[in-house]
Amino acid sequence: MNAISTLAPSAIRQPSPDLSVLLDAVRNSVPLQARDLTPQRVAEARAVAGVALQPADPVLIAAWLKKLAGLVVNGPDEARAQQQAHAMVEVCGDLPAAVWCPEARRAWARSGERGKFWPAPAELYAHLLPFAEKIRWQVHAARKVVKMAEAAKEAPKRRTPEERAAVERAVNAWKGRQPVQPKDAVKRMQTDQPSLRQRIAEYRRQLETAGPEARAWLEPLITNLEAQHAAICRKQPRGFTESVVRA
């Protein structure tokens with residue numbers, strides 16, 4: 001393991017304490033305001049969302065295992081170190097790179113009786129899985145932060161009270177320049193609308209030559225209009241079937 005772990009491990013992208021608080025708020029559905037999405041936080045969230053789920057380099061895993069070997073009573077010797085490292089990479093190598101952190105190593109050493117001994121690959125995978133789940137929801141929250149920041153940029157800018165007052169003054173000035181219309185001008189501009197009786201008669205005429213599709217909506221329409229007409233005239237509607245026969 002010494003031969004493997006002398007190489008420089010890959011960098012691990014973990015959210016800063018400041019961003020972690022923001023991601024926790026997003027996860028717990030705490031409403032955020034625009035001032036919470038500072039450029040620094042958004043830039044860091046974008047970086048976390050982009051690389052945090054990438055698996056670790058085997059060199060990083062080997063370096064982590066070498067430090068774990070010093071915390072247990074039966075760490076692998078030089079003859080078995082490389083073999084153990086390959087076994088751990090095969091089982092745990094697809095976990096996010098950030099699980100190979102000092103916190104996860106200390107958590108194993110503090111896990112009671114089992115923490116005194118070197119873990120089997122399956123044991124180590126089960127131990128690291130909660131750390132991986134935390135990283136996955138952090139990435140999900142980081143992506144939401146990036147989306148909220150992008151949406152805030154695209155949202156229309158609110159007018160200031162001074163701008164709204166200027167618009168209102170301009171509208172009032174425009175209204176003042178418009179000619180005054182007589183009270184009955186709108187009424188004179190309206191075209192004559194057919195009466196309810198005329199509409200019923202016209203729909204009956206269309207019904208005589210209508211196909212099946214047109215009849216499907218003409219028949220209930222005529223029935224509804226006749227009911228309206230009867231209600232206005234305080235008479236009972238004749239019903240569609242009777243009206244068609246008499247027509």
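Tutor: We'll take the cores, then a pocket, then some salt bridges. Keep in mind that this is a predicted model.

Student: Which residues touch the most other members in the largest nonpolar core?

Tutor: Trp64, Leu65, Trp100, Leu124 and Leu128 do, in a core of 40 residues. Helices H2, H3, H4, H5, H6 and H7 each supply at least two residues of this core.

Student: Which helix gives the most?

Tutor: H7, with 11 residues. There is also a second, separate core of 8 residues, including Leu196 and Tyr203.

Student: Switching topic. What volume does the second largest pocket have?

Tutor: About 230 Å³. Its lining includes Gln14, Val99, Glu103, Phe131 and Lys134. H7 provides the largest share of that lining, 4 residues. By class, the lining has 6 nonpolar, 3 polar and 2 charged residues.

Student: How many salt bridges are in the whole structure?

Tutor: The search finds 8. One of them joins Arg204 and Glu226, at 2.4 Å from N to O. That pair links distant parts of the chain, with Arg204 in helix H10 and Glu226 in helix H11.

Student: Is Glu226 buried or exposed?

Tutor: Buried, because its relative accessible area is 7%, and the cut-off for buried is under 20%. Arg204 is at 23%, so Arg204 counts as partly exposed.

Student: What about Glu103, how does its side chain meet Arg106?

Tutor: In a salt bridge, 3.7 Å from N to O. Both lie in helix H6, 3 residues apart, about one turn of the helix. Glu103 is partly exposed, at 42% relative accessibility.

Technical notes
Residues numbered from 1 in each chain as written. Predicted model: local features only at pLDDT ≥ 70, side-chain atom pairs only at ≥ 80, totals over all residues. Heavy atoms only, no water. Core = buried A, V, L, I, M, F, W, Y, C linked by side-chain atoms within 4.5 Å. Buried < 20%, exposed > 50% of the residue type's maximum accessible area, 1.4 Å probe, protein only. 1 Å grid on protein atoms, 1.4 Å probe; cavity = no way out; pocket = protein on both sides within 12 Å on 5 of 7 lines; lining within 4 Å. Points joined across faces, edges and corners; volume = space filled by probe spheres on them. Nonpolar A, V, L, I, M, F, W, Y, C, P; charged D, E, K, R; others polar. Salt bridge = Lys/Arg side-chain N within 4 Å of Asp/Glu carboxyl O.
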